[in-house]
Amino acid sequence: MFCQECGSKNNDSAAFCANCGTKLKQQKEPIKVEQPYVRTEQEEPQGDKNKKKKGNIILLGELAVLCFLIIFIHDYGKKQYDTESIAQQYFIQYMNADWKAVYKNMDLIESNFLTEKNFIKAMEKQEGKEIRNFYITDTKKSNGRNLCVITISYQEKASDVEQSFTISLIKQPQKKYGIFDCWKVDSYELLVNEYLITVPKGVMVTLDGVSLDKSYLAETDEKVDYYTLPVLFRGRHEIKLEQENMEELVRNFDTSEEILIPAMEFEKKIKKEITQQLRKDMKMIYTVAINGEAFKKVKNFYAKNYTDNGKKNLEELIYYMHSTGDTDGLKQVDFYNLSANIVGDGKCAEIRLSYDYDAIYTILDWWTGTSSMNTYTDNEELYLQMIEEDGEWKLKSVYFEPITY
């Protein structure tokens with residue numbers, strides 16, 4: 001320490017100054033006060049720094065993985081949904097006859113007849129092919145790049161012959177998952193337009209479960225109706241026809257065929273009713289002719305607008321059987337084994353009738369003057385028409401031939 005009086009330096013433990021003898025005053029050390037530590041905004045705990053550093057590393061890793069996934073998904077999707085991949089998928093589905101998958105890949109506006117169910121039905125008879133190998137030989141895109149035509153060459157397992165399969169793809173306005181171009185197969189080759197169906201007049205027509213109303217009726221005439229279907233799948237379909245008094249007709253057909261059904265078969269009970277009535281009419285008409293009686297006895301067998309034709313036929317029958325002498329001895333005619341093929345529109349029946357008959361006649365023995373009864377048996381065919389009138393079947397157009405023996 002230093003003396004306050006003379007300024008000489010002394011030991012810190014001295015009580016008096018060694019130079020001037022002045023009593024030295026002991027200096028007290030200042031009390032050190034510990035100040036509380038205040039962390040500045042710039043400083044962070046070491047642990048927090050480590051955690052933050054570790055979090056940043058994880059975040060960067062996640063971003064890297066996300067970027068990789070985005071790139072992978074983009075490249076995979078681009079390959080999966082590009083035109084060549086779509087064409088190859090479609091080709092395999094078609095060759096495997098996987099019609100449900102084929103339908104989903106088609107560019108198609110569905111309608112009453114253009115449905116998945118009808119497409120599978122239409123294609124059910126077309127079998128798949130076993131392919132040995134295939135490859136794309138040509139790809140052409142339109143200038144607008146909305147149409148792409150791809151040709152695939154292939155060989156079947158059982159053949160060395162190289163065949164080609166052309167697929168036309170149409171770019172859709174919407175994106176797949178909002179990212180990738182969406183392509184569908186042009187369905188033109190699998191469709192047939194303006195398909196004509198001809199059926200008996202007035203029948204109810206159902207095609208592939210859809211009832212055809214008047215909007216499909218293109219034309220009609222005296223006997224048939226013409227229906228036009230705007231578009232159908234190429235292949236097999238089912239048509240059903242229904243009409244009063246007629247047997248329901250169900251037929252499977254292929255669009256490569258023309259559907260022409262000019263007539264339907266009558267119900268069995270109606271056929272039986274017509275055949276029985278016809279046998280009764282024939283029996284009575286020939287009896288009247290044999291006896292030379294008036295037309296009024298059989299007038300009621302004819303339809304109202306066709307009695308003149310019936311009267312004329314009966315007069316010719318009477319004339320022939322009574323003026324030529326060929327049937328002078330004819331006494332009676334019995335008809336049996338009637339077999340009728342009857343078609344029509346439910347109200348008018350066109351009939352092809354085959355039948356057997358027994359002609360019972362007498363022969364005069366000129367030597368003895370006595371007569372003997374004989375029977376002549378034969379068979380014939382007859383073509384005629386009958387009309388349902390007031391709940392009964394009446395003769396419309398018929399020409400009964402004279403019975404000879």
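Reader: What are the ground rules here?

Author: This is a predicted model, where local features need pLDDT of at least 70 and side-chain atom pairs count only at pLDDT 80 or more, while totals for chains, interfaces and linings use all residues. Residues are numbered from 1 along each chain as its sequence is written, and side-chain values use heavy atoms, with hydrogens and water left out.

Reader: Which residues touch the most other members of the largest nonpolar core?

Author: A nonpolar core is a set of buried Ala, Val, Leu, Ile, Met, Phe, Trp, Tyr and Cys residues joined through side-chain atoms within 4.5 Å. Buried is under 20% relative accessible area, exposed is over 50%, and partly exposed is in between (1.4 Å probe, protein chains only). In the largest core, which has 61 residues, those with the most contacts to other members are Ile-351, Leu-353, Leu-395 and Phe-400. Helix H5 (residues 268-291) is the top contributor, with 9 residues; helices here are DSSP runs of H or I, at least four residues, and strands are runs of E, at least two, numbered from the N terminus. A second, separate core has 27 residues, among them Met-95 and Phe-233.

Reader: What is Phe-400 in contact with?

Author: Contact means heavy atoms within 4.5 Å. Setting aside neighbours within four places in sequence, the partners of Phe-400 include Met-282, Ile-285, Tyr-286 and Leu-395.

Reader: How many salt bridges does the structure hold?

Author: Look for a side-chain nitrogen of Lys or Arg within 4 Å of a carboxyl oxygen of Asp or Glu. There are 16 of those here. Take Lys-347 and Glu-244, whose closest N and O atoms are 3.7 Å apart. Lys-347 sits in the loop between strands S15 and S16, and Glu-244 in the loop between S11 and S12, so this pair ties together parts 103 residues apart in sequence. Lys-347 is partly exposed at 40%, whereas Glu-244 is exposed at 52%. Shared partners also link Lys-121, Glu-124 and Arg-236 into one salt-bridge network.

Reader: Which residues make the nonpolar surface patch?

Author: Patch members have over 30% relative accessible area and no salt bridge; like charges are joined within 9 Å, nonpolar side chains (Val, Leu, Ile, Met, Phe, Trp, Tyr) within 5 Å. Here Leu-59, Leu-60, Leu-63 and Leu-66 form a patch of about 380 Å², with areas from the Shrake-Rupley method and a 1.4 Å probe; for residues, only the protein chains shown count as cover. Leu-60 belongs to helix H1 (residues 46-80) and counts as exposed because its relative accessibility is 57%.
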